Amino acid sequence: MKMILKKVHIYLYVISVALSYFILWPFFKYLSKAPSRYHSMNKLRGAWGFISSALVGIFYNFKYEEPIDWSKTYIICPNHASNLDISAMCVLVNNNCSFMGKQELEDGLVTGLFFRSVDVPVNRDSKISSFRAFKKASEKLQNGISMVIFPEGGISDNYPPKLCEFKNGPFRLAIEHKIPVIPVTSANTWEILWDTGTKYGSRPGICDFYVHKPIDTSNLTITDADTLRDEVFAIIADKLKATEKLYTIA
């Protein structure tokens, strides 16, 4: 019976996301037409992420190691076990931002508009595509646009989830542009909705996120990229262990 209710809930969540998106679509479409409007587009996207989740009883709770000055540019690096992580980052990041995500999102019914405008699609199996994506991300950072990059490169197939090895691309990017990195620990979104929710459904609840203090990269060189990657991995892994969740660590 519990699983049936969770399956019903995921359908309600999908309907909530889709219906609210189509109501807002004319505004998203207008805002996607010019880069000067992307900041407003992100504001609206954050509101949409909050509302579409709240309508089915899903909320986001953020705890900060220290206050974040959102007037600055950052690379935000969360762990990733749920589609809710994306909505949560839309709610969290209070400045102009862009996501880097898999190329398939460019063709998504809901995600396509964003990945053809404000966001950066990447085919990680193609070195040329990866080069172009990180070049585009570099240009955004130079223009004061923060990047949200999930360093695991996607959601693993493990359930309960496994914190997978981080890729070093985001950290090389941060060092090249002397941009601070903000690690974010997504502690329990997988318990509320794992991956897309199609296998185990979803349920109402509060998703807990821990926003760690920014890591300064101004004194680092490219040779420090792996060390920075490992530092961010350790910060998130330690927080997951402290929350006593069922996460396993690669």
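In which sense do strand 3 and strand 5 pair, and over how many bridges? Strand 3 (residues 97-102) and strand 5 (residues 146-149) run in the parallel sense, joined over four bridges. This is a predicted model, in which local features need pLDDT of at least 70 and side-chain atom pairs count only at pLDDT 80 or more, while totals for chains, interfaces and linings use all residues. Residues are numbered from 1 along each chain as its sequence is written, and side-chain values use heavy atoms, with hydrogens and water left out.

- Seven strands form an open sheet in the order 1-8-7-2-5-3-4, with mixed pairing; strands are DSSP runs of E with at least two residues, helices are runs of H or I with at least four, and both are numbered from the N terminus.
- Its edge strands are strand 1 (58-64) and strand 4 (120-122), each of which pairs on one side only; two strands pair if DSSP finds at least two bridges between them.
- From one strand to the next, the twist averages 25°.

**A look at strand 3**

- Facing strand 5, Cys97 stands opposite Ser146, and Ser98 stands opposite Met147.
- Strand 3 also pairs with strand 4 in the parallel sense, over three bridges, and there Met100 has Val120 as its bridge partner.
- Five of the six residues in strand 3 are buried (buried means under 20% relative accessible area, exposed over 50%, partly exposed in between, with a 1.4 Å probe and protein chains only).

- Ile4 lies in helix 1 (residues 2-31); its relative accessible area is 53%, so Ile4 is exposed.
- Thr189 belongs to helix 7 (residues 189-192) and counts as buried because its relative accessibility is 0%.
- Leaving aside residues up to four places away in sequence, Thr189 touches Ser82, Leu84, Asp85, Trp194, Cys207 and Phe209.

Terms used: Axes are lines fitted to C-alpha atoms, for helices over the stretch in contact, and angles run from 0 to 180 degrees between N-to-C directions. Contact means heavy atoms within 4.5 Å.
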